[in-house]
Amino acid sequence: MTTQPRAHAPARWAGTSVPFAELARFGGTPGFTTTDRLCPFYSGMWAAGSSAFWTSRELAEQRAAHGLARIPRQLDMPLEDARDILRAARHLGPWLAALGVLDQWRTVSAGQLAAFSGWPILGTPEPRVVAALWRLGLVDRGTLAPGMLPGPATHRSLLFRPSRSESFEKEIAPLLSWDQQVAVTGGMPWDFRRQYDRHNLLASELALRVAEFCEVGTVLGEKLSDVSLLLGGAPSGGGHAADLTIVRADGLRIAVEMTASAGPDFRTKVEAWARLLADKSLASSGLTVLFVEAAPINGQTRWGNSGSLRAQVYKTVREVVRVFPGTGADRVAERIGVVSWQQWFPGLSMATREFTRLEVDRPTGPPKALWERAGLLDIIDVPFTPHDPAAATAVVDNASMLFGTPHWLRAGRRTDLWPLLAQEADWRAGLPFPPPARPTRGIGPRPAAVRGVVGATRPPTRMRIEVADPPPQIVRGSEATRGAA
Amino acid sequence: MRELTAPPARPSGGRLAAPSDVGTARASANRIRAEHLVLVNRKLLTVHDVVAAVAQPGHKPLLRIGLDQLLRAQEGWGQARSHAALTRLVTFCGVAATPTRFRDLDIGWLVDPRAAGQRLVAWLDVLRDERRAAPWPGFPYTAALAALTVGDPR
């Protein structure tokens, strides 16, 4: 006799398991691909809870003064040496990229930092540029189980997050051009809030895996997943935000919420999203929402006493969608998906074919078989006809100006920002140049384009966001990943 | 005694102005520079207006206004603020200049066409006030409101 699944908790479908190494890859950083990085879900990182052990420079000095710690020699550098490292042109690319990733994703491992940024040096043990950032109080260093790791494994489990300090404004902002500041912070203040270690690491890992194995336009971190921003407005600053946003090539936004609990807060969150989807049509906002249940695999249900966490997530979504159904032509149910981490990633170094299509459950069926599967990247399952196609896909181009996005997805058309500054200075007719000193010596008219010995007008090299040789990367669409990454 | 058959030699082939004309020209140039600096101090012109004025005929004397002098003509700008801005400017431009050499930096250096506007781009960036603002409302989810071009930069 087979057990009938409850209406609010469909049987967990099992996808076609396949090792990561056998999936086609759309990019990545050699040496720091998904198969190389530490898995934050299955590697047993969270046996002691969902927080790591963090050390800021201030705390380390305090402990060292009382004999509770010893600052390692590679981290113990004079303040002026740290500043010199940041001023040196050869270090500019790595530290800009590192800050861009940390500001957008909050908490990342050393491997994830290298994967996002494309700078392998950031994933090596104690690079001086990261030590300088720590010395200046910009980043905190985290470990998972101090004292229990073998030496070579230590740097793999090293975590970083923005430090709670004003160092960015004091030490970093004066060094950056406007382009660089936008590339690091997205044009918003530097942010060190919302530091939930396990949650943030899983969100970062999911973003990297989606960027690596799925055909998407871009992925954006929590900072740029603010609801107001997603709807094209100004950031609300501390308001409701998704954990990450996946943008399909046609501009469809998939706001992803990771959850390891299903309490009242979760219901409030689902209601907020459902209300938003009911208010804003898909054609105007391009917004869909995905809830990814990612409870610890050896953990217990954290709230309530009826059924598993997964069942509670499904039940909550079903009930909320019933309250906010939307319109017949634009159903909220078609824009909300639910999936488990284990359905997409059934084991260590394993994924499913369904993951590459972002296949999820949606409450779109009849009452007796409410939950139906749909691929969020499938334009038939989730068709999207925006009112303004160019506006919908602008984010893909704009994301290529941000250091927080995976580096292989930054192939869009970048917008030079200096003309905006020239317009503000009322130099609309062009940059001012003096008339020729000896006009009679000129041969023909001067070219309309501003050109000099350094070529057409561009910001000086030190102000650009492409600050160094492009880091090595895996060719888009390569199938060469069968063990050859 | 041999009679001279050629006129006496004159420096620069005789193209130098008469001393009286030189004095007049110097006074005129000083007056133009002073007028612009006063207008900046009175907030009737911005520093960008003064830099833009060098493109107009008859404003060649403005090329000799020092950048430090121009910045400090603004109300609320002292040596520390001006030197901080100029330090960022020379860092962005890759120029090795110390505060003691800032007097060598003038508008002529800034608008030198051989730099193809790179120094002007750095100047605009250094003097931007709202450094943390997003490039346009709704960035990065919205497109720029208008094509961002100035003159014909390409």
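The largest nonpolar core of this predicted model has 89 residues, and those with the most contacts inside it are Trp95(A), Leu206(A), Trp341(A), Trp344(A), Phe355(A) and Leu358(A). A nonpolar core here is a set of buried Ala, Val, Leu, Ile, Met, Phe, Trp, Tyr and Cys residues joined through side-chain atoms within 4.5 Å; buried means under 20% relative accessible area, with a 1.4 Å probe and protein chains only. Helix H3 (residues 89-105) of chain A gives the most to this core, with 9 residues. A second, separate core of 87 residues includes Val313(A), Met401(A), Leu402(A) and Ile32(B).

This is a predicted model, in which local features need pLDDT of at least 70 and side-chain atom pairs count only at pLDDT 80 or more, while totals for chains, interfaces and linings use all residues. Residues are numbered from 1 along each chain as its sequence is written, chains are lettered from A in the order in which they are written, and side-chain values use heavy atoms, without hydrogens and water.

Trp190(A) lies in the loop between helix H8 (178-185) and helix H9 (197-213) of chain A; helices are DSSP runs of H or I with at least four residues, strands runs of E with at least two, numbered from the N terminus. Trp190(A) counts as buried because its relative accessibility is 10%. Beyond four places in sequence, its contacts (heavy atoms within 4.5 Å) include Leu99(A), Asp103(A) and Lys223(A).

Chain A also has an open sheet of 4 strands in the order E2-E4-E5-E3, with antiparallel pairing; two strands pair if DSSP finds at least two bridges between them. Strands E4 (residues 139-143) and E5 (residues 159-162) of chain A pair over 4 bridges.

Conventions
Buried means under 20% relative accessible area, exposed over 50%, partly exposed in between (1.4 Å probe, protein chains only).
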